[in-house]
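Please examine the sequence and the three-dimensional view below before reading on. The briefing that follows treats the topics one by one.

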Protein chains: 2
Amino acid sequence: MRLRMEQFIKEQQTAIVATLAEVDGTPFKIDTWERSHGGGGISCILQDGNVFEKAGVNISIVYGKLPPAAVEKMRVDHKNIASPTGEPLDFFAAGLSMVLHPRNPNAPTVHLNYRYFETMNPDGSSQSWWFGGGTDLTPSYLFDEDAIHFHKTIKEACDKHDKEYFPKFKKWCDEYFFVKHRGESRGVGGIFFDDLDDKDPEQLFAFVQDCLKAFLPSYVPIIEKRKDMPFTPAEKEWQQLRRGRYVEFNLVHDRGTSFGLNTPGARVESILMSLPLTARWQYMHEPAPGSREERMLKVLKEPVDWV
Amino acid sequence: MRLRMEQFIKEQQTAIVATLAEVDGTPFKIDTWERSHGGGGISCILQDGNVFEKAGVNISIVYGKLPPAAVEKMRVDHKNIASPTGEPLDFFAAGLSMVLHPRNPNAPTVHLNYRYFETMNPDGSSQSWWFGGGTDLTPSYLFDEDAIHFHKTIKEACDKHDKEYFPKFKKWCDEYFFVKHRGESRGVGGIFFDDLDDKDPEQLFAFVQDCLKAFLPSYVPIIEKRKDMPFTPAEKEWQQLRRGRYVEFNLVHDRGTSFGLNTPGARVESILMSLPLTARWQYMHEPAPGSREERMLKVLKEPVDWV
């Protein structure tokens with residue numbers, strides 16, 4: 001599974017980067033890096049492009065040893081991880097993560113991450129494993145048809161594997177991507193799941209493959225439709241304020257970012273590639289009654305089931 | 001002490017806001033707010049001014065009950081707080097906090113906060129009390145003379161009360177305002193202290209008064225000197241990148257911000273008034289060898305004793 005997941009996310013990274021570079025008309029910058037504690041990754045970044053202000057598509061394949069204290073911490077979210085002998089545990093993690101921040105305020109930011117994690121007994125046999133991930137959409141201005149298309153495409157990928165997945169993982173997504181101190185969601189939803197090991201690994205790998213392959217059909221039609229729409233400076237400013245909220249979620253609440261920043265030897269620039277190129281904080285900004293901005297906020301305060 | 005601290009920070013807020021409004025040529029917006037759980041505050045904000053991109057001078061006087069769990073949490077940093085009966089503890093907190101983000105990249109951001117905290121026994125007698133606070137300077141471009149002037153002015157205020165304060169609190173400042181995941185300080189230093197109750201409260205109040213009164217002389221000469229210096233778009237962009245780091249510190253590491261955002265009924269807009277109007281994140285930005293930007297980074301990685 002380790003090698004096949006690695007192979008799969010590499011192929012997907014190449015395919016996604018090729019398509020997005022074509023959408024933008026700008027090539028990505030490709031950085032290959034190594035982790036001193038074991039493993040490495042490939043970061044593909046496009047900055048100040050025609051369509052994307054910042055786009056990052058990153059894969060990482062890391063391995064090494066988890067100290068017992070780290071194992072205990074992870075048990076909170078991952079029921080089966082354990083170090084019975086109290087020794088450090090060998091681990092392997094492979095994942096693809098991506099955040100796209102488009103230039104046009106009518107075009108939504110999108111985030112995606114799929115990962116496989118495994119721990120090994122001293123004899124090399126598998127101790128625990130799981131898949132995790134998801135994808136979610138963060139518009140500054142809401143187009144219902146975009147939110148519906150995005151969710152419909154993901155739902156189709158989920159339904160092929162388990163009819164319960166989509167409703168369960170959409171709810172999990174709304175709960176996870178919640179900016180608690182603002183009382184609002186980060187975006188309009190998508191799916192989120194973690195610690196998924198309740199089926200045969202082959203079945204779950206097939207599920208994750210279909211989810212990841214659904215990304216381009218879920219997002220490219222939206223960006224194509226929105227990237228050249230006219231917009232005003234005031235609309236750009238609203239987008240910048242929403243980007244500020246995105247930063248707040250990622251730095252204050254996102255467990256993945258916090259885990260990454262606290263991992264010794266972590267590559268900070270790859271973790272924080274999720275942050276927008278620019279953001280804005282304005283004291284006590286209030287959208288005008290009846291405005292598109294007000295509608296957006298209303299939906300962020302009361303998550304919608306789009307399909 | 002409670003009423004006198006309240007009175008003192010109100011006077012200082014008025015004096016500071018009047019001076020900064022004159023420096024900028026723009027009046028502050030003044031918001032008076034109440035806290036549903038007890039108390040309230042006055043937030044003075046200037047946004048998009050001539051000199052300041054964003055300037056916030058805030059006082060808050062809040063009181064109410066601390067649940068035993070909160071008391072236990074606070075004991076980590078505040079040795080004397082205790083609820084012997086296991087009942088919620090009455091508390092009172094009064095403080096002034098301020099962050100100024102100037103427009104000109106040659107002019108430094110400055111932060112200041114002084115506060116008094118007290119808990120009361122059920123019979124109304126004082127259970128524990130302390131002062132905390134400090135001030136620190138965050139330039140995008142380093143002018144040694146500014147860092148020296150700032151520290152010298154604060155040192156004079158400290159030395160009047162205890163010769164050990166300044167070196168001790170400068171060190172504490174360098175340790176506290178450290179962006180751990182970047183391995184660099186937020187700025188060039190200042191002072192920071194907390195849980196200060198090792199002298200007579202009158203003596204410590206006099207010390208805090210002198211520190212706060214030293215603010216205008218420590219900062220106004222610097223902003224006057226830097227506010228009209230010419231600068232290039234590239235210098236503005238570097239400032240924006242440094243503002244991004246400021247956001248990273250405040251949202252990821254600052255215990256005050258985190259405590260505030262997790263306090264039920266907290267006024268989020270007043271807490272996050274410390275964030276800059278605009279900020280920027282650029283993947284793998286590296287200053288040119290021998291540049292002013294490189295010198296700045298070097299000093300942030302190895303704190304300097306300026307006086």
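Helices (H or I, at least four residues) and strands (E, at least two) are DSSP runs, numbered from the N terminus. This is a predicted model, in which local features need pLDDT of at least 70 and side-chain atom pairs count only at pLDDT 80 or more, while totals for chains, interfaces and linings use all residues. Residues are numbered from 1 along each chain as its sequence is written, chains are lettered from A in the order in which they are written, and side-chain values use heavy atoms, with hydrogens and water left out.

- A:Thr278 belongs to strand E10 of chain A, which covers residues 278-280.
- Its side chain makes a polar contact of 2.8 Å with that of A:Gln240; such a contact is a pair of N or O atoms within 3.5 Å, where within protein one must be able to donate a hydrogen and the other to accept it, and residues adjacent in sequence count only if both atoms are side-chain atoms.
- Beyond its neighbours within four places in sequence, A:Thr278 has contacts (heavy atoms within 4.5 Å) that include A:Glu53, A:Arg243 and B:Arg280.

**The sheet of chain A**

- Seven strands form an open, antiparallel sheet in the order E1-E2-E3-E4-E5-E6-E9; two strands pair if DSSP finds at least two bridges between them.
- The edge strands of chain A are E1 (29-34) and E9 (189-196), each pairing on one side only.
- Strands E4 (residues 89-102) and E5 (residues 109-120) of chain A run antiparallel and are joined by 11 bridges, and A:Ala94 has A:Tyr116 in E5(A) as its bridge partner.

**Helix H7 of chain A**

- H7(A) has 21 residues, of which 16 are buried; buried means under 20% relative accessible area, exposed over 50%, and partly exposed in between (1.4 Å probe, protein chains only).

**Salt bridges**

- Over all chains there are 68 salt bridges, each a side-chain nitrogen of Lys or Arg within 4 Å of a carboxyl oxygen of Asp or Glu.
- One of them links the side chains of A:Arg182 and B:Glu269 (2.8 Å, N to O). A:Arg182 lies in the loop between strands E7 (178-179) and E8 (184-185) of chain A and B:Glu269 in helix H9 of chain B, so the pair joins two chains. Both A:Arg182 and B:Glu269 are buried.
- Another salt bridge joins B:Arg2 and B:Glu118 (3.4 Å, N to O). B:Arg2 is in helix H1 and B:Glu118 in strand E5 of chain B, 116 residues apart.
- A:Asp48, A:Arg103, B:Glu237 and B:Arg280 form a salt-bridge network.

Notes:
The expected span of a helix is 1.5 Å times one less than its number of residues.
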